[in-house]
Amino acid sequence: MADTHRISFEPVDIEMEVTEDETILDAAFRQGIHLMHGCREGRCSACKSYMLDGDVQMDDYSTFACNDSEEAEGYVLLCRTYAYSDCEIELLNFDEDELLGGAPIQDVLTRVAAIEPVTRDIVSLKLDVVEPETIEFKSGQYVDLFVPGTEEKRSFSIATTQATPDRLEFLIKKYPGGLFAGMLEDGLSVGDEIKVNGPYGSCTLRSGHVLPIVAIGGGAGMAPLLSLVRHISETGLSRPVRFYYGARTADDLFYLDEIATLGEKIADFTFTACLSESVDGAPDGVTVAAGNVTDIVNDNEADLARTEVYFCGPPPMVDAALALAEQHSMPRDQIFYDKFTSPAFDS
């Protein structure tokens, strides 16, 4: 049996146990402690923390997330860090409300209810929750889906809300050679069972916050943002919402009617379709702008630093959104995203 050690987190005064065969982040999930995280693969830096004391080792990670000089100074990525003694760790990025108040990590059995194409390369996958009968999560979070017949898993954001805890929807981009995406074409059928583990992610609305919301999405990154908009519409949250969605052409847009209906229930809501290649064929009644989504946000949101920004999409779009936030000197606690950068992920 692996040895067990104590981990003390500062400045939040929380302690927990960790065994030598699990990462510190996984141990926290197991004990209901929701540390900030993103990719969980050592590539996004969301869980970067500082070692005050203790003996640890980090598994393989990207130097983009933690460079050599930072590692030498004592910075670690908790998703890749194993403890070999009692440790004291300073959390650099945390949300006190979420630390002990997030949804528990659950293992859930689901059954495929529908597989429906929504564009030429994005599919809506709907799952019925079978055992237990419901799953707890917050809008904007993601889960791991285990690929049937393999030990592999893929991470996908949930597009639905807690209003339907017995049914989940995912919007999945079909990448050439993608393992899970390939099964959506051939190999996965209505009625098939899929194991789900989660929820994960920190791209969620914080209670009590009042700043306007700017949502920036692209591709299958529509999913968590749609979940947030659905949640805001369902709960009557009175915060301005400005939703920018980036696509190549009008043929890549989807769920426009639903977004318009949701927006009618939100006191102050706008949706802008940002088309990078052509605006021809854009449907009537939709605000369309030509160009990359982050450039359009920059042109329209002069006071971006006085908003909360939520974004999800392809890695280049996420990098551009982060650069935009830095350009506007946005405080880190007003930026929410989950960046899937590992080749282990299909979207």
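Predicted model: local features only at pLDDT ≥ 70, side-chain atom pairs only at ≥ 80, totals over all residues.
Trainee: What share of the residues is buried?

Mentor: A residue is termed buried under 20% relative accessible area, exposed over 50%, and partly exposed in between (1.4 Å probe, protein chains only). Of the 347 residues in the protein, 52% are buried.

Trainee: How many helices and strands does the protein have?

Mentor: Helices (H or I, at least four residues) and strands (E, at least two) are DSSP runs, numbered from the N terminus. The protein has eight helices and 19 strands.

Trainee: In what order do the strands of the open sheet stand?

Mentor: Strands of a sheet pair through backbone hydrogen bonds, either parallel or antiparallel. Two strands count as paired if DSSP finds at least two bridges between them. Here, six strands form an open sheet in the order β11-β10-β13-β8-β9-β12, with antiparallel pairing. Because β11 (153–157) and β12 (167–173) stand at the edges with a single partner strand each, one side of each has no neighbour in the sheet. From one strand to the next, the twist averages 40°.

Trainee: Which helix packs on the sheet?

Mentor: Helix α5 (residues 222–235) does, touching β11 and β12. Contact means heavy atoms within 4.5 Å. The direction of α5 makes about 145° with that of β12; axes are lines fitted to C-alpha atoms, for helices over the stretch in contact, and angles run from 0 to 180 degrees between N-to-C directions.

Trainee: Why is β11 described as largely enclosed?

Mentor: Four of its five residues are buried, so β11 is largely enclosed by the rest of the structure.

Trainee: How many bridges join β10 to its partners, β11 and β13?

Mentor: Five bridges join β10 to β11, and the two run antiparallel. Leucine 145 stands opposite arginine 154 in β11. The two strands form a hairpin with six residues between them, and glycine 149 in the turn has a positive phi of about 80°. Strand β10 (residues 142–146) also pairs with β13 (residues 193–200) in the antiparallel sense, over three bridges; tyrosine 142 has tyrosine 200 in β13 as its bridge partner.

How values were computed:
Residues numbered from 1 in each chain as written. Heavy atoms only, no water.
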